[in-house]
Amino acid sequence: MEQRHLGRTGLRVSRIGLGTLTWGRDTDEHDAADMLKAFWEAGGTLVDTADVYGDGEAEYLLGRLMEGLVPRHDLVISTKAGSVPDPDRRFDGSRGHLLAALDASLARLGTDHIDVWHVHAYDPCTPLEETLQALDLAVSSGRVRYAGVSNFCGWQLAKAATWQLAAPGTRTRLASTQMEYSLLQRGVEREVLPAALDLGIGLLPSSPLGRGVLTGKYRNGTPTDSRGASEHLAPFVEPYLDDTASRIVDAVTTAADGLAVTPLQVALAWVRDRPGVAAPILGVRTAQQLTAALSVEALSLPDEICRALDDVSAPVHRYPDHDWSTL
């Protein structure tokens, strides 16, 4: 698998990442082992998790698999901290919480360092410089190699990245931002992606298959074994089952038929090759699904297909994103 630099850093990652959102909850150890082995054998290196996935079970399971299945030094482990099970707050970006969460993640993963550590979301209740200082402390202590953020909007990302760049050698520049990005969700193109490109931050798209909808599996209803039929994930899928999404899925399916590939491959290739993207994070249920997805390595979409997909999925961005003089 082709390797890419993560933002403006020296770290290289596989251009497809493996997500672990369902590990330890809907995905058991046997299936997780099959997936990780298939990913590694295909040349994949970037594995993404978080301290809240499966209430910590995803990290614990990944740590167990690194003990005897896949060498730790062959993987780039990305995890996140900051989400908390408190409906009144949801995110805690305080220095105390983040550093304690880091220690807990290291223990569950059974490793002495995290390759890429992300703040899971912006915390409006904590000064941003305090949150970012936790990243600096984590890197300076050797427990973290590279740092990033997740789910920061455009101004939050730009403010954070600029703060870090203001004291080179003292503060840790942001390597990455993880955001949802697909043909069904192009909101990051409004401000987040331009900021990331300008500041040298690599984008790690989550849900690159539109929460599974872009595979076409929901065109004739909700399959009983799909995420849309899952008690935990049905509300996650439901927003992308509207008429607008249906038109985009139809266009992806038409493109796939013309190229003699699958809708999954078309949707994944589109987001993988967007400007600024380092590696889409792919979440699958089985090793068979993962193998099918990884076959996208050999696919590059023709320009005319990309333009057609761009047109059918184009978000409405007017003032002030476009040149105001043309409006």
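**Exercise 1.** Does A255 count as buried or exposed, and what is its relative accessibility?

*Solution.* This is a predicted model, in which local features need pLDDT of at least 70 and side-chain atom pairs count only at pLDDT 80 or more, while totals for chains, interfaces and linings use all residues. Residues are numbered from 1 along each chain as its sequence is written, and side-chain values use heavy atoms, with hydrogens and water left out.

Step 1: apply the cut-offs, by which buried means under 20% relative accessible area, exposed over 50% and partly exposed in between, with a 1.4 Å probe and protein chains only.
Step 2: A255 has 8% relative accessibility and therefore counts as buried.
Step 3: leaving aside neighbours within four places in sequence, A255 is in contact (heavy atoms within 4.5 Å) with V266 and I305.

**Exercise 2.** Determine how helix α1 is oriented relative to helix α10, and which residues make the contact.

*Solution.* Step 1: the axes, lines fitted to C-alpha atoms over the stretch in contact, with angles from 0 to 180 degrees between N-to-C directions, are 8 Å apart for α1 (residues 29-41) and α10 (residues 287-294), and the packing angle is about 20°.
Step 1: angles under 35 degrees count as roughly parallel, over 145 as roughly antiparallel, 65 to 115 as roughly perpendicular and the rest as oblique, and α1 and α10 are therefore roughly parallel to each other.
Step 2: D34, M35, A38 and F39 of α1 make the contact with A287, L290, T291 and L294 of α10.

**Exercise 3.** Repeat the analysis for helices α4 and α5.

*Solution.* Step 1: α4 (residues 128-140) and α5 (residues 154-165) pack at about 55°, with their axes 11 Å apart.
Step 1: that angle makes α4 oblique to α5.
Step 2: on the α4 side L128, E129, L132 and D136 take part, and they meet K159, A160, W163 and Q164 in α5.

**Exercise 4.** In what order do the strands of the open sheet lie, and which are the edge strands?

*Solution.* Step 1: two strands pair if DSSP finds at least two bridges between them, and eight strands in parallel pairing give the order β9-β8-β7-β6-β5-β4-β3-β10.
Step 1: β9 (202-206) and β10 (281-282) each pair on one side only, and they are the edge strands.
Step 2: inside the order, β4 (residues 46-48) and β5 (residues 76-81) pair in the parallel sense over three bridges, and D48 has S78 in β5 as its bridge partner.

Technical notes:
Helix = DSSP H or I, 4+ residues; strand = E, 2+ residues; numbered from the N terminus.
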